Amino acid sequence: MLQTSGWVTRDGAEGVLSNNQVLASIFSDELLREGHTSDVIELDDNHIVVLKLNEYRPSKVKALELVTRRINDKLQREAAEAQLSAQAAELTTRLQAGEDIEALGKEISAPWQVEQGAQRGQPGQNPQLMAEVFSLSKPSEAPSFGCVQLIGGDYLVIQLDKVVK
């Protein structure tokens, strides 16, 4: 099957083009400068790829305002993430010291949720949350606590009161 991709950069691509062998071949002298077709690249027992370059655009310097905006956005995201991480760690420490989870939730205006009878693989639950809950030590006299960052960047602070078999 013949397919044409969009633009590919040295920083990576999607799908089959993200394969290291494929990327190396795309940017080889054989394809870029000489315009040849690549050798057959075997991805696995049932899939092969042969590459032919349609057009090449050399890299160029990006506009300063574009780069500045991206850098500022990244720095703001990293600062917010660091702040959330520190706040989650502080809340976990305060819980371990005996403060009430409901009172802490109200103090920071954060929603809190009680889940009773949670089970491994339970539908409707975040898999990252469940993985963290089931990695916590079994509470004995005091609850166990944990903290997890979700894929979207949110942090959850967890209090595990008891485990029932």
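This is a short walk through one predicted protein model, from the whole chain down to a few residues.

Hi everyone. A word on ground rules: the model is predicted, so local features need pLDDT of at least 70 and side-chain atom pairs count only at pLDDT 80 or more, while totals for chains, interfaces and linings use all residues. Residues are numbered from 1 along each chain as its sequence is written, and side-chain values use heavy atoms, leaving out hydrogens and water.

Let's start with the whole chain. The protein chain has 5 helices and 4 strands; these are DSSP runs, with helices being H or I of at least four residues and strands E of at least two, numbered from the N terminus. Along the sequence the pattern reads α-α-β-β-α-α-α-β-β.

How does the radius of gyration compare with that of a compact globule of 165 residues? The globule would be near 15 Å, but the protein chain has 25 Å. That radius is taken over C-alpha atoms, and the globule rule is 2.2 Å times the number of residues to the power 0.38. The C-alpha atoms fill a box of roughly 70 × 45 × 20 Å along the principal axes. Buried residues make up 21% of the 165, where buried means under 20% relative accessible area, exposed over 50%, and partly exposed in between, with a 1.4 Å probe and protein chains only.

Now, some residues. Val49 sits in strand 2, residues 47-49. Is Val49 buried or exposed? Val49 counts as buried because its relative accessibility is 13%. Leaving aside neighbours within four places in sequence, Val49 is in contact with Val16, Asp39, Val40, Ile41 and Leu43; contact means heavy atoms within 4.5 Å. Asp39 is 10 residues from Val49 in sequence, and their C-alpha atoms are 8.5 Å apart.

One of those partners, Val40, lies in the loop between helix 2 (29-32) and strand 1 (41-44). Val40 has a relative accessible area of 56%, so Val40 is exposed.

Over in helix 3, residues 64-96, we find Arg94. Perhaps you'd like to know why Arg94 counts as buried: its relative accessibility is 18%. Not counting residues up to four places away in sequence, Arg94 touches Glu99, Leu104 and Glu107.

Last stop: Ser109, in the loop between helix 4 (101-107) and helix 5 (127-133). Most residues other than glycine have a negative phi. Ser109 is not a glycine, yet has a positive phi of about 55 degrees. At 65% relative accessibility, Ser109 counts as exposed.

Thanks, everyone!
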